[in-house]
Amino acid sequence: MYFGVDIGGTTVKLGRFQGEGVLQEKWELPTRTGENGKYIFDDIAASILNKAVQAGGQPSEIKGVGMGLPGSLLPDGRMEIGVNIGVKDIYPAKELSDRLGLPLVCCENDANVAALGESWKGGGAGFRSMFLITLGTGVGGGAVFDGKILKGSHGIAGEIGHLTVRFDETEACNCGNRGCLEQYASATGIVREAKREMAKSTIPSVLREIRNLTAKDVLDAAKEGDPLALGVAEAMGGCLAWAMSCVTHIVDPEAFVIGGGVSAAGEFLVGLIRKKYEEMTKILSEKAEIRLATLGNEAGIYGAVRLVLGK
Ligand SMILES: [Zn+2]
């Protein structure tokens, strides 16, 4: 049996897999931060051993564990900083393998792991190369070519959330830059842009009636043809198209897969992007496919297991 682990800021998602990637069961643990990650790895190890026994197996039948973590991993496996989980300068694979007495533990950045999962069993299955864009609280991404994650030299390959897509921005992004994709295409960014547009104009909009506006409200209203919401959605689609065009001109994936909470807007969202993307990639006669992710929040555990199976 194999285990896939996806460590997030509030929960750790785990899955037990059999053989070539058949998910047998999945569950979650709360992320207990503190003591530089000690509790997180204690909890994961105890839970995996427990589930192995519950499933009628022995700890010796655990063949490998893959993990996705919220932060960059250096080529030597060191994680310099994981802000959301309160760790600094640790070797996550060693932390877990020591506790489990298991040599095969593989780790990767969570966005890359999700990309690997989607390319293996999700929206990118069947393509030799694909680029995942995750639209959630932030914007993440990852590239998978021939079953391998494109890591880059500094661990940020695929992180398109901080690609500059607008040059007239006055507010700073969380990263310190101005005009990052994340400022327009994340759930937070969509709401921010809608509020800005409402403040700037007197265009009537159903959004003006909504308290605690969400990205879903904006995209739902856009689907219904609300002019202000549609303007925000189209601008967002344009920013994504620009970023995807940059990706295409550099690594040329067969397909883009769009995931994360915002992707619940479905084909409407794909439509917002596709037209502009095609305009910006005139150089190609055959354009990259744009698909929706299909694994939801299981992408991480699938990708984590794929990481181990690929070793
Ligand atoms: Zn940024």
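Modeller: Strand β4 (residues 64–69) and strand β7 run parallel, joined by five bridges. Two strands count as paired if DSSP finds at least two bridges between them. Strands (E, at least two residues) and helices (H or I, at least four) are DSSP runs, numbered from the N terminus. This is a predicted model, so local features need pLDDT of at least 70 and side-chain atom pairs count only at pLDDT 80 or more, while totals for chains, interfaces and linings use all residues. Residues are numbered from 1 along each chain as its sequence is written, and side-chain values use heavy atoms, with hydrogens and water left out.

Stay with β7. Met-67 has Cys-107 in β7 as its bridge partner. Strand β7 covers residues 105–109, and five of its five residues are buried. Buried means under 20% relative accessible area, exposed means over 50%, and partly exposed lies in between (1.4 Å probe, protein chains only).

Glu-108 is buried, because its relative accessible area is 6%. Lys-151 has 45%, so Lys-151 is partly exposed. The rule for a salt bridge is a side-chain nitrogen of Lys or Arg within 4 Å of a carboxyl oxygen of Asp or Glu. Side chains of opposite charge can pair when their charged atoms come close. The structure holds 24 salt bridges.

Asp-220 and Lys-216 form a salt bridge, with the closest N and O atoms 2.7 Å apart. They are four residues apart in helix α6 (residues 215–223), so about one helical turn separates them. Asp-220 is partly exposed at 29%. Lys-216 is exposed at 58%. Elsewhere, shared partners build a network of salt bridges from Arg-166, Asp-168, Glu-169, Glu-171, Arg-192, Glu-193 and Arg-196. One of the contacts joins Arg-166 to Asp-168, with 3.2 Å between the closest N and O atoms. Arg-166 is partly exposed at 26%, whereas Asp-168 is exposed at 54%.

Next, the zinc site. Four residues coordinate the zinc ion at 2.0 to 2.3 Å: His-162 through ND1, and Cys-173, Cys-175 and Cys-180 through SG. Donors are N, O and S atoms within 2.8 Å of the metal (3.2 Å for Na, K and Ca); water is not among the atoms, so sites may look incomplete. The donor residues follow the spacing H-x10-C-x1-C-x4-C. Why is the arrangement tetrahedral? The four donor atoms subtend angles of 105 to 117° around the zinc ion, and four donors count as tetrahedral if all angles lie between 85 and 135 degrees. The ideal angle for four tetrahedral donors is 109.5 degrees. Cys-180 is buried at 0%, but Cys-175 is partly exposed at 42%.

Last, the aromatic rings. Rings of Phe, Tyr and Trp (its six-membered ring) pair if their centres lie within 6.5 Å; planes under 30 degrees apart are stacked, over 60 edge-to-face, and the rest tilted. By this rule there are five aromatic pairs. Phe-3 and Trp-27 form an edge-to-face pair, 6.3 Å centre to centre, with 85° between the planes. Phe-3 is in strand β1 (residues 2–7) and Trp-27 in strand β3 (residues 22–30), 24 residues apart. Phe-3 is buried at 0%, and Trp-27 is buried at 12%. Trp-120 and Tyr-302 also pair edge-to-face, because their ring centres are 6.3 Å apart and their planes meet at 70°. This pair links helix α3 (residues 110–121), which holds Trp-120, to helix α9 (residues 299–309), which holds Tyr-302, across 182 residues. Trp-120 is partly exposed at 21%; Tyr-302 is buried at 12%. With Phe-17, these two residues form a cluster linked by ring pairs.

The charged end of Lys-51 sits over the ring of Trp-27, 4.7 Å from its centre. The charged end of Lys-121 sits over the ring of Trp-120, also 4.7 Å from its centre. The rule asks for NZ of Lys or CZ of Arg within 6 Å of the ring centre and within 35 degrees of the ring normal.

Key. Four donors count as tetrahedral if all angles lie between 85 and 135 degrees; four count as square planar and six as octahedral if opposite donors are over 155 degrees apart and all others between 65 and 115; anything else is irregular.
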